[in-house]
Amino acid sequence: MQAGAYAPVFEYFWQDEKGPGMSIWSDLAKHQRGCEGRHILELFDDPDRAEAFTVAAGEMRLDYSKTNIDATARELLIALAEGAGLVEARAAMFSGAKINETEGRAVLHIAQRAGDEAVIKVDGADVMPELRKERARAYAFAEDVRSGAFTGQGGQITDVVNIGIGGSDLGPAMVTLALAPWHDGPRLHYVSNVDGAHVADTLRGLNPETTLVIVASKTFTTIETMTNAQTVRNWMAAKVADPGAQFAAVSTARDKTAAFGIAPERVFGFADWVGGRYSVWGPIGLGVMLAVGPAAFDELLAGARAMDSHFCAAPLDQNMPVLLALVGIWHNQICGHATRAVLPYDQRLARLPAYLQQLEMESNGKRVGMDGADLERQSGPVVWGEPGTNGQHAFYQLIHQGTRVVPCEFLLAAQGHEPDLAHQHRLLAANCLAQSEALLRGRSLEQARGLMAAKGLDGAELDRQARHRVFPGNRPSTTLIYPKLTPFTLGQIITLYEHRVFVEGVVLGINSFDQWGVELGKELATALGPVLEGADASDKDGSTRALVSYILAAHG
């Protein structure tokens, strides 16, 4: 399938007000209004509700039965995806078509985890041989560092500092933390923020002679990354004779990496058809390879590949990424819930919500469709969250009793990695299940009055206190449950969310693979650099001029 092969589907679906697509949106809205007052608990009068609204991918289960989606809503949502050309769009992505139309690029992060026999072509050329070659180079370097064959100028590498930002940081940092039980290599540290505090705090206590630095920037021009890289190079140069010898780079700008002093054998590249926020599967994951080794990284890729296969083969009504996306469409575009809480009951997934913030909000935070016309409905939701049980003692108050409904997405492993602490994992699991049940059931005023009466209250005080203890309930949630957090399982989870974003983008008719919204701020920051050194600020607004004056005065 060639670039733009499914564009006519988008045009028909989105521009024809009388077309079947618009009718489905209207039918969904009408159906939602009809069941708006229905309590989700009523749906469990069907004894098969939980099974019928749970989908499997391997040993992983997604339970979306605690939502107000019924069989009719699901049927309409699937028709919406079909009418948007999802099947065609999916085929186009996996075939190497240039579906990132605003940048004229294919979208082939899926190639980074494809099997050994895969053939994937862009512009008629198979991209897999070069991709496999680059992965083998990265694996070989990782093994050399881990074994001590590659050393620093003071001995074996003990620490690795990965310098990147956005997708060059969030993905590998999240995965490194998630796979802590597999760490048997050097310690990994991640620097992203241009705030000098980040790099200063990270370097404190490290030995330059035994530290390896990875600079992850495709163009080797990202201002935050290159500023931090130069700072670390200066730090290293104060102690070692050849600082460049302890640097590696993930970049395609080999002239710039050479000028920085990094030998070509320590430079690893990836193609422009791999977006930053989708890049952890390749050389951007070098830090992960160093921490856990190529074998565990292969398992991560295998899990991703398994979810890819499921996404491509499973019928839409049994397809986990499709259904997770359609649940999101139902809650955001149909029900009008503007945010989505991601709540992993797994401390090692602490960075998953932040990773998904970029993945989802940078991908689907758009205001125009593929044709450049303004969207007629809301685009992606605000994504946020923290691990349980910490969140229970922070923001769950708002989720349970606040005036806004926040759909929640729980993630839970059936088993932890610490057998001697199994009792704590049971407590963790009990809390996770209790929270979704509490969101579902709530507590009525009558029940609250009974509680207060048992405490000896009566009259107006009983009623007043009872009202503070009412939980509305009827608040939707999904639960993703899996046997254990392993490299394979983590690969499945990340890929599930990648494809969820893709499906939502197709249904909304937007390009999920560009990010023009980050450009303006970069341009203005570049222009403000000289102003903060005293250059003329007369073309700035009054607020910006006043803030600049404050900063200049603070520096004397």
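Which side chain does Arg340 meet in a salt bridge? In this predicted model, the partner is Glu409, with 3.5 Å from N to O. Arg340 sits in strand S12 (residues 339-345) and Glu409 in strand S14 (residues 408-413), so the bridge links distant parts of the chain, 69 residues apart. You won't find this pair out on the surface: Arg340 is buried, with a relative accessible area of 4%, and Glu409 counts as buried at 5%.

Follow the charges and you get to Arg500, which forms a salt bridge with Glu360, the closest N and O atoms being 3.9 Å apart. Here helix H20 supplies Arg500 and helix H15 (residues 352-364) supplies Glu360, so the contact ties together parts that are 140 residues apart in sequence. Both of these residues, Arg500 and Glu360, are buried.

Asp184 counts as exposed, because its relative accessibility is 54% and the cut-off for exposed is over 50%.

Now for the rings. The structure holds 13 aromatic pairs. One of them is Phe141 with Phe268, a tilted pair at 5.8 Å centre to centre and 40 degrees between the planes. Phe141 belongs to helix H7 (residues 128-147) and Phe268 to strand S11 (residues 267-268), so this pair ties together parts that are 127 residues apart in sequence. Phe141 is buried at a relative accessible area of 6%, and Phe268 is buried too, at 1%.

Phe502 and Phe513 make another tilted pair, 6.3 Å centre to centre with 35 degrees between the planes. Phe502 is in helix H20 (residues 487-508), while Phe513 is in the loop between H20 and H21, eleven residues apart.

Most residues other than glycine have a negative phi, and most peptide bonds are trans. Phe220, though not a glycine, has a positive phi of about 60 degrees. You'll find Phe220 in the loop between strand S9 (211-216) and helix H10 (223-237), where it counts as buried at 5% relative accessibility. Asn474 has a positive phi as well, about 55 degrees. Its place is the loop between helix H19 (459-467) and strand S15 (477-482), and Asn474 counts as partly exposed at 22%. As for the peptide bonds, a cis one joins Gly388 and Thr389, with omega about 15 degrees. Thr389 lies in the loop between strand S13 (382-384) and helix H16 (396-401).

Let's finish on the surface. Glu42, Asp45, Asp46, Asp48 and Glu51 gather there in a patch of negative charge. Glu42 is in helix H3 (residues 40-43) and is partly exposed, at 44%. Elsewhere, Leu532, Tyr550 and Ile551 form a nonpolar surface patch with about 320 Å² of accessible area together. Leu532 lies in the loop between helix H21 (519-531) and helix H22 (542-554), and is partly exposed at 39%.

Note on methods
Residues are numbered from 1 along each chain as its sequence is written. This is a predicted model: local features need pLDDT of at least 70, side-chain atom pairs count only at pLDDT 80 or more; totals for chains, interfaces and linings use all residues. Side-chain values use heavy atoms; hydrogens and water are left out. Patches are made of residues with over 30% relative accessible area and no salt bridge: like charges are joined within 9 Å, nonpolar side chains (Val, Leu, Ile, Met, Phe, Trp, Tyr) within 5 Å. Accessible areas come from the Shrake-Rupley method with a 1.4 Å probe; for residues, only the protein chains shown count as cover. A salt bridge is a side-chain nitrogen of Lys or Arg within 4 Å of a carboxyl oxygen of Asp or Glu. Helices (H or I, at least four residues) and strands (E, at least two) are DSSP runs, numbered from the N terminus. Buried means under 20% relative accessible area, exposed over 50%, partly exposed in between (1.4 Å probe, protein chains only). Lys and Arg count as positive and Asp and Glu as negative; His and the chain ends are not counted. The place of a charge is taken as NZ of Lys, CZ of Arg, CG of Asp or CD of Glu. Rings of Phe, Tyr and Trp (its six-membered ring) pair if their centres lie within 6.5 Å; planes under 30 degrees apart count as stacked, over 60 as edge-to-face and the rest as tilted.
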